[in-house]
Amino acid sequence: MKLLESAENYLEAILMVGKEKGNVRSIDIVNHLGFSKPSVSVAMKQLETNDYITRDKEGNISLTESGREIAEMIYERHTLLTDIFEEMGVSHDTALDDACKVEHDISEETFECIRKYYKSKQK
């Protein structure tokens, strides 16, 4: 199932904030993405309804197995593409922005070829 780019961004943000802080709450996603509290609240309800996240009674957000798989895929794409763009001479901020745009639209086939090519050049 193909998720909307916004859902992928939320899942990736939950993963990143979790790596940084441990526990993730909606306000952490608000601060990380710069979105409004109501927008994040609606998105979290939708992700929970679709079984990509769970929330405990204290409001801590956790990725489900399917949510984690998607988040890690997007995060890997983001970091690898950022690294490649920076190695090519793109400024850090532009590389981050462009990687975020490309990570959602690139095909699995093309990304796998880019990854293999890049890894082979690293040896």
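**Entry 1: the fold**

I began with the secondary structure, and I found 6 helices and 2 strands in the protein chain. I note that this is a predicted model. Then I read along the sequence and wrote down the pattern α-α-α-β-β-α-α-α.

**Entry 2: overall dimensions and surface**

I looked up the box that the C-alpha atoms fill. Along the principal axes, the box is roughly 50 × 30 × 25 Å. Next I checked burial: of the 123 residues in the protein chain, 36% are buried.

Residues 24 or more positions apart account for 53% of them.

**Entry 3: charges**

I looked up the charged side chains and found 16 positive and 24 negative ones. The centres of the two sets lie 3 Å apart. How many salt bridges does the structure hold? I found 7. I followed some of them up below.

**Entry 4: Glu-48 and Arg-55**

I looked at the side chains of Glu-48 and Arg-55, which meet in a salt bridge at 2.8 Å, N to O.

**Entry 5: Glu-108 and Arg-77**

I moved on to the salt bridge between Glu-108 and Arg-77, where the closest N and O atoms are 2.9 Å apart. Which parts of the chain does this pair tie together? Glu-108 lies in helix 6, residues 108–122, and Arg-77 lies in helix 4, residues 65–87. The pair therefore ties together parts that are 31 residues apart in sequence.

Glu-108 has 41% relative accessibility, so Glu-108 counts as partly exposed. Arg-77 has 5%, so Arg-77 counts as buried, the cut-off being under 20%.

**Entry 6: Glu-112 and Arg-115**

I stayed in helix 6 for the next pair. Glu-112 forms a salt bridge with Arg-115, and the closest N and O atoms are 2.0 Å apart. Where do the two residues sit? Both lie in helix 6, 3 residues apart, which is about one turn of the helix. Glu-112 is partly exposed, with a relative accessible area of 23%.

I then looked for further partners. Salt bridges that share partners join Glu-76, Glu-112 and Arg-115 into one network.

Definitions and conventions:
Residues numbered from 1 in each chain as written. Predicted model: local features only at pLDDT ≥ 70, side-chain atom pairs only at ≥ 80, totals over all residues. Heavy atoms only, no water. Helix = DSSP H or I, 4+ residues; strand = E, 2+ residues; numbered from the N terminus. Buried < 20%, exposed > 50% of the residue type's maximum accessible area, 1.4 Å probe, protein only. Contact = heavy atoms within 4.5 Å. Lys, Arg positive; Asp, Glu negative; His and termini not counted. Charge placed at Lys NZ, Arg CZ, Asp CG, Glu CD. Salt bridge = Lys/Arg side-chain N within 4 Å of Asp/Glu carboxyl O.
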